[in-house]
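Try each task yourself before reading its solution.

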Amino acid sequence: MTLDWKALQREARKQGTSAERLAELVALGPELSREVARGQHTPPYVLQALAAHPDPLTVEAVASNPHTPPQILEGLSLENAALAKKVAHNKSTPASTLERLGNSQSDQIREAVSYNPSTPLHVLLILRDDPNSAVSDHLLLRSMGLLDLYGKTRDVPAETLVRAMALTDLIPAEAAARLSECADPDVQLGLLENIDKVALSVRNEIRQRLPSKEPTHDHTRP
């Protein structure tokens, strides 16, 4: 009987496919084991089992899957550079693992960490001064781009804006003006804390505009 591989691949990715059926698909060969490892509906315990699969590409897919348990991601990151790079890109990777990978000797792994939205700010601040321009330049450019984007797209999260302000060397004049009008107190506080980065042409204006809006809520709460 000829197998319908495309149908089997869809089944491997389909929500509701049982763990028993996924195991059967994995046994049919690496093409399907990779699909199961990539699947966004694959249960974490199945991904945990696939982390020990003999096919390297299956294991790499496990390392990239955001549903892979954090402890498995930590273990995979210690196995080899290829897996460490995949884990460094994974948004579900624990902060402690990302911090360790951010100190890697590999430029590619550090670059992957710099792209990860879950990387702690203190790690990004170190990477901002990375000797590899592929890491440092992209962080600065991405931060500048986010600040410029704000005002055109109103759904940029406040946390993302605050991180961008901390990572950039210069907050453009137009971006600073829009940020100073933002109602979110965390954004206002972030701008105040980074006022020395605001373009000189509007710095005094922004400085005068913000005091009356300075956040009053307690930022010392956990």
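**Exercise 1.** Does Tyr150 count as buried or exposed, and at what relative accessibility?

*Solution.* Keep in mind that this is a predicted model. Start by locating the residue: Tyr150 sits in the loop between helix H11 (133–149) and helix H12 (158–167). Next, take the accessibility, where the cut-off for buried is under 20%. Tyr150 has 6% relative accessibility, so it counts as buried.

Now look at the neighbours. Leaving out residues up to four places away in sequence, Tyr150 touches Leu161, Arg178, Leu179 and Cys182. As for Leu161, 11 residues separate it from Tyr150 in sequence, and the C-alpha to C-alpha distance is 8.2 Å.

**Exercise 2.** Find out which residues of helix H2 (residues 19–27) are buried, and where they lie around the axis.

*Solution.* First, list the buried residues of H2: they are Ala19, Leu22, Leu25 and Val26. Second, check their directions: these four span an arc of only 115 degrees around the axis, which places them on the same side of H2.

Finally, step past the end of the helix: H2 is followed by Gly29, which has a positive phi, near 140 degrees.

**Exercise 3.** Describe the secondary structure of the chain, then work out how its radius of gyration compares with the globule rule.

*Solution.* Begin with the elements: the chain has 15 helices and zero strands. Its radius of gyration is 22 Å, whereas the globule rule gives 17 Å for 222 residues; the value is well over the rule, so the chain is more spread out than a compact globule. For the dimensions, the C-alpha atoms fill a box of roughly 75 × 35 × 35 Å along the principal axes.

Then consider the packing. Of the 222 residues, 44% are buried. Taking contacts between residues at least 6 apart in sequence, 50% join residues at least 24 apart.

Technical notes:
Residues numbered from 1 in each chain as written. Predicted model: local features only at pLDDT ≥ 70, side-chain atom pairs only at ≥ 80, totals over all residues. Heavy atoms only, no water. Helix = DSSP H or I, 4+ residues; strand = E, 2+ residues; numbered from the N terminus. Rg over C-alpha atoms; globule rule 2.2 N^0.38 Å. Buried < 20%, exposed > 50% of the residue type's maximum accessible area, 1.4 Å probe, protein only. Contact = heavy atoms within 4.5 Å. Arc of directions from axis to C-beta.
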